Amino acid sequence: AAMRSRAEVDATLQTAKLNPAELLPAVHCLSFGPQAGGGECCLLQLEPGLCAELEAGRSLIIRGEKDEHAVLCSKDKTYDMKIADTSNMLLFVPGCKTPEELNADQASCNIIHSQIAGFSKNYWELRRCRPKLKKLRKLLMEDPYEGPDSRKDQASTFSKYTTEDLLSLIQASEEEILHQLQVIDACKIEGYWRILDFDYEMKLLNHVTQLIDSESWPLSKVPLCACLEELGSLEPREMIEHILLSYGRKYVDDGEVFFEMHEDKICRAIAQMLLQNAVKFNLSEFEEVWQQSVPEGMTTRLDQLQGLALVDKSSRPETIFLLKVEDLPEDNQERFNSLFGIREKWTEVDITPYIQDLCAEKQTVGALLTKYARSSMLNGVKVYNSRRPIS
Amino acid sequence: MVQIVISSGGTGALAQWVLLELQGEVEPRQSGDLAGSLLGDLHYTCEGVPVLIVGHHILYGKVVQLEKPFAVLVKQGGASQPSPVGAHGHYAVTALIKTKLLFKTRPKPIITHVPKKV
């Protein structure tokens, strides 16, 4: 189509009975570009922070298996994606100036011929979501590391995963994956991420706690060098250091590396070791054995077991059993179904450790309970049960 | 798992475009596709109100700074692109849109004067 002239524009203004004196001098004559109807362009609505990512030259990645909902990942966040339809037509116009820009640039042409690059009635909408990290643990649990003496490792036909492998299998951003690897105490062995077999982990921990005891070191100042020297003949040095990092806080004092041991984490691991051997335990018997099993100077408390074990106060005698939050479903509704299948009515105190990880960015446990549970009073205490009948 | 990369050339490579939001459909006057055909004239009043003349209609709109900007993605063809993550598709960010011209008011029809034959 021929480009419009100033005369034609003015004639149109006259026909439209618009007063040129009330308008800025510049006009944009809009036409559809050659590629406009091609559907090559689409729109992605950007959540806060993503615009800056793109302006910095960083990429975003859409990830998903064919049967999963797609997610979009930046370097450190994950978003659910969906197509939002508008009833309006959205046209994208390069080189189109706003009134401010026209006023600022007094020398701008009188006629700006702008070509519409494309149009759409929909766009991709994003919503920040929890990264889908349950799969990470599942993958690493396929082949837990049992130590260098394990014959299994040499003959292993199981998949082992590098960081790149994990990025191509898990719907999460790289930083979220790396952070979770730290949270679950994974370690890199020969370039692959591994989780320790629990028995091997306890064996390593036991070496360390026995050494602390025999050397009478304070729990807050365990020297790395001495540990490596004393235990280096029993286990690989990397494993000794790894167990210290997993169960302690590393710091440097006067040029030497020490660890402040996490009392709570050690007590919790020992509890897991005891509880995994039976379906449930008499609570008071368990508490006695547990206190005796932890290193000298440590005190056991039931609140160390949040998200790991559950006390049944309704049974006589009271019992305790292993219930690990990481073994429960990742999806909100499925998680609540699972919990209500285990126990019909929950107090907020008991259920919180098992739903805390479901909270979205600014969501509270209370909000989750309002959405997925129904409350009632039982013996003067507020309890939550399922909104739907559980078969 | 499918991985689709959305790559960006950074601030230097990203143009700033504007979104025009119109009600309803846009159809060509003559038959044939839209490519190449005129849409209309976009003016601004001295107060900065956008005025769009499309066919026989005048549309008054407003300039809106988008709370959530848009990225315009263009699909990249070429299966022979080497990529580190084994990407199964590639989009490039061509432009960012931080402003839209929203035309929500009902179009005012332009009544053209039909000249009488003398």
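In this predicted model, strands β16(A) and β18(A) (residues 381–386) pair in the antiparallel sense over 2 bridges. W346(A) stands opposite Y384(A) in β18(A). The pair belongs to an open sheet of 3 strands in chain A, ordered β16-β18-β17 with antiparallel pairing.

**A second sheet in chain A**

- Another open sheet of 3 strands in chain A has the order β13-β15-β14, and its pairing is antiparallel.
- The edges of this sheet are β13 (281–282) and β14 (309–312) of chain A, each of which pairs on one side only.
- β14(A) is joined to β15(A), residues 319–322, by 4 bridges, and the two strands run antiparallel.
- Within β15(A), I320(A) is the residue opposite V311(A).

**Overall form of chain A**

- Chain A contains 15 helices and 18 strands.
- The radius of gyration of chain A is 31 Å, whereas the globule rule gives 21 Å for 391 residues, so chain A is more spread out than a compact globule.
- Taken along the principal axes, the C-alpha atoms of chain A fill a box of roughly 95 × 60 × 45 Å.

**Extent of the interface between chains A and B**

- On the chain A side 70 residues are in contact with chain B, and on the chain B side 61 residues are in contact with chain A.
- The two chains bury about 5800 Å² between them, with 64% of that area on carbon and sulfur atoms.
- L30(A), F32(A) and E55(A) supply 12% of the area that chain A buries against chain B, more than any other three residues.

**Polar and charged contacts across the interface**

- There are 3 salt bridges across the interface of chain A and chain B.
- R4(A) and D41(B) meet through their side chains in a salt bridge, with an N to O distance of 2.9 Å.
- Residue pairs in polar contact between chain A and chain B number 23, counting pairs with both residues at pLDDT 80 or more.

**What chain A brings to the interface**

- Several elements of chain A each supply at least two residues of the side that touches chain B, including the helices α1 (6–15), α2 (50–55) and α3 (99–104).
- By class, the side of chain A that touches chain B has 42 nonpolar, 15 polar and 13 charged residues.

**Strand pairing between the chains**

- Strands of a sheet pair through backbone hydrogen bonds, either parallel or antiparallel.
- β5(A) pairs with β2(B), residues 15–23, in the antiparallel sense over 7 bridges.
- F92(A) has L19(B), in β2(B), as its bridge partner.
- β2(A) is joined by 5 bridges to β6(B), residues 62–75, and these strands run antiparallel.
- C41(A) stands opposite V74(B) in β6(B).
- Inside chain B, β6(B) is also joined to β7(B), residues 90–103, by 10 bridges in an antiparallel arrangement.
- The bridge partner of V64(B) in β7(B) is K100(B).
- β6(B) therefore pairs with a strand of each chain, as strands pair if at least two bridges are found between them: β2(A) over 5 bridges and β7(B) over 10 bridges.

Notes. Residues are numbered from 1 along each chain as its sequence is written. Chains are lettered from A and ligands numbered from 1 in the order in which they are written. Side-chain values use heavy atoms; hydrogens and water are left out. Contact means heavy atoms within 4.5 Å. Buried area is the accessible area (1.4 Å probe) that two parts lose on being put together, summed over both. A salt bridge is a side-chain nitrogen of Lys or Arg within 4 Å of a carboxyl oxygen of Asp or Glu. A polar contact is a pair of N or O atoms within 3.5 Å; within protein, one must be able to donate a hydrogen and the other to accept it, and residues adjacent in sequence count only if both atoms are side-chain atoms. Ala, Val, Leu, Ile, Met, Phe, Trp, Tyr, Cys and Pro count as nonpolar, Asp, Glu, Lys and Arg as charged, and the others, Gly among them, as polar. The radius of gyration is taken over C-alpha atoms; the globule rule is 2.2 Å times the number of residues to the power 0.38.
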